[in-house]
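Subject: Structure handover

Hello,

Please find the structure below, for you to take over. My notes on it follow.

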Amino acid sequence: MMRRTKKGWLFIAPALILLISIVGYPIVYLLVTSTYQYNYINPAVPREFVGLSNYGRLIQDSRFLQTSLNTAIFTSSAIVIEFILGLLLATLLFKVSRGRRTYIALLLIPMLMMPIAVGLTWRFMYNHEYGIFSYLLREAGLLGETALLVNPHTALLCIIFTDIWEWTPLMALILFAGLMALPLEPFEKAKIDGASGWQTFRHLTFPLLIPSVMVALLIRIADAARVLDIVYRITGGGPGIATETAHLFSYKIFFKSFNVGYGSAQIVILLAIILVVCVILFKVLERTGGG
Amino acid sequence: MKEMRGVAPIMIGLVIILAIVVAAGVWYATRPSAKKVEINFLISPVPSIEKLVDTIPEFEAETGIDVTVTKVSYDDMCEKAALDVKSKTGTYTVFWVEPAHLGRLVGLEGLEPLEPLAERLDVDLTDFPQSYLNNFSYEGVLYAFPFESCLMVMAYRTDLFDELDLSVPTTWEDYKEAAIALDESGKVSSGTSIMGARHEALFCEYCNFLWGFGGSLFDETGYPSINTPEAVEALEFLKSLLPYAPAGTLTYTWTESGTAFIVGDIGTEIIFSDWTADMVNPETSGVIGKWAYAPIPGTGPTFFGGYGWAINAYASDEEKEAAFRFANWATSAEMQRRLIELGLTPTRISVMEDPELIAEYFYLSAYAETMDRAQPVMKIPVYFELMDSITMHLNAALSGIEDIQSALNSAQSEWEEIMSAADLI
């Protein structure tokens, strides 16, 4: 048995070494860097160990707090809507058999586009004077004189809407795969027992689908919390910092200021938050038997 | 052992393929033609540069130097240049630099001083105005060949000014009155346009107003002074133009604002002169024969957005010399005469003052009137941080998220913090 275990370790050793070097090392480096005052390109700023002071500064940084709040609002709103729409789409896909492949192919289009291109395209569509989206809203009497991207509330809504457009299909496809993998017997029994459609969904389909739901949520939460590209292209974080997300702020700290120490501390905090959310989801997944 | 017999030929085959690939790579890199000098030119595409790029084969044929062009967005270009000189790899040989970029790149010892090379290669730089050479110098050392003046000027619709009997504004109050009259005439979608997005463009535009109202970014000791009464007045004035600008103007960068003018939707606006290429191009312009430039109202300094070609200090000596020849060729009087047709704002005295060209290209006289007032915004290593901070607050103030005084106060505190951390104050 011992020999088998050793052999097993031997086989996974190359993959483990690779994983440690490409995932473990950067994380350790990030943690170390976050305790330094370190500007990558400014020789006037000496590289010095500052302990936890970068973290102390962050907690008092109103911009960091505001961008974190923006990220939380963006992530929770986008994920909830994507989940509801995704479930609806998945159920529709499950019900139809004719042309299903075509629908799936069409669903893939938004998520195959580069987020930066998606951002640029939607930026033009939201343009108050020339954009088709603003034009349609205006024609429908839903848009007044204030441009969508000028009002802080509607600007954030635009970012959320774009994310929903791009990523609902992913949610739908994962849930659809989950629906396809469900066993047939319980549903046949429910039918014999005279369960209604809603009862079947509530007491059978959804509970059995929970592992797929958790996987979809896990992937999307981790992804949405790191949103950068579409915000960068659509609003650049404006008006003011109304749509600036935590990762856009980090990007600016890293690539405008090259303030690596402070930026690393910020990334560590964001990483920790995402990790906690993911661990909670994993626990739920385990409890529901999907782990 | 039996299993190994099946795997061994595959492994040997893979090793042979790998060896062939490596050998081919080594041969490719060391083949005789690869020993030609190669330079890598990092740019962000604008019409005049695109045209310059089209003519590069002529330079290659003439000199035997290979020129690779890397085109990226403006923001990416700034990042790549900084990372390249920091890593000392010399990946890019020729950089696009603006006076505001010099502080960061020179601070990293990443740019090659030009004068020693000019002396060695016997190149005369006196055809460039001294003020331009100063703009591209840092602490008295010249680092870039001025390629494009890229001045900020006032563009206006001559047809509508004539029709509405408006005179060309010379003061800010005149400018606002013209914007109101144009807006109310209904002959254009909006009287004026502002580059109001949270973007570098807003900072460039605001500087003209700030300086025009007597304010400045720094006081005489170099300390930030961006929340003075003059700065507040300038921003209040800029905000007062919003009702006469497109509703989406606070999402406009130079791209949207310039485009709105060239399609004929705007009566007058402050614009970068490198838009001339699109204004004179029948394929892109809806205002041909209906527009002109004039100096920005007032008598204060105006924003100098010029850019030039600098050489990477971490390139090899051979590459530096080739890069110098290329930059000299790209900014030669002959090249400027060719590019002027596309709207290039020339940087050589012999071209700027050529009476034939002045007679042929009507916009050159506005350039000449503006040139003396144009000044670079700042040349310090933390330009990008300062710019990001102030554009965020300017945009918030114009959007009504912050009031003007507190927005400028916040920007002032952030500038103090950034400059203090960089040991600049």
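How are α5(A) and α7(A) oriented to each other? Keep in mind that this is a predicted model. Helix α5 (residues 115–126) of chain A packs against helix α7 (residues 152–180) of chain A at an angle of about 130 degrees, and their axes are 11 Å apart. Angles over 145 degrees would count as roughly antiparallel and 65 to 115 as roughly perpendicular, so α5(A) and α7(A) are oblique to each other. The crossing in which α5(A) passes α7(A) is right-handed.

On the α5(A) side, the contact is made by P115(A), V118(A), W122(A) and Y126(A). On the α7(A) side, C158(A), F161(A), T162(A), W165(A) and E166(A) make it. By type, the residues of this contact divide into 7 nonpolar, 1 polar and 1 charged.

Next, the cores. The largest nonpolar core has 150 residues, and those touching the most other members are F203(B), Y206(B), L217(B), Y293(B), W309(B) and V377(B). Helix α10 (residues 200–212) of chain B gives the most to this core, namely 9 residues. Leaving aside residues up to four places away in sequence, F203(B) touches several residues, including L217(B), V377(B), M378(B), Y383(B) and W415(B). Another core, of 54 residues, lies apart from the largest one; among its members are F83(A), W122(A), L148(A) and I159(A).

With a relative accessible area of 0%, F147(B) is buried.

Regards

Notes. Residues numbered from 1 in each chain as written. Chains lettered and ligands numbered in written order. Predicted model: local features only at pLDDT ≥ 70, side-chain atom pairs only at ≥ 80, totals over all residues. Heavy atoms only, no water. Core = buried A, V, L, I, M, F, W, Y, C linked by side-chain atoms within 4.5 Å. Buried < 20%, exposed > 50% of the residue type's maximum accessible area, 1.4 Å probe, protein only. Helix = DSSP H or I, 4+ residues; strand = E, 2+ residues; numbered from the N terminus. Contact = heavy atoms within 4.5 Å. Axes fitted to C-alpha atoms, helices over the stretch in contact; angles between N-to-C directions. Parallel < 35°, antiparallel > 145°, perpendicular 65-115°, else oblique. Left-handed = near helix turned anticlockwise from the far one by under 90°. Nonpolar A, V, L, I, M, F, W, Y, C, P; charged D, E, K, R; others polar.
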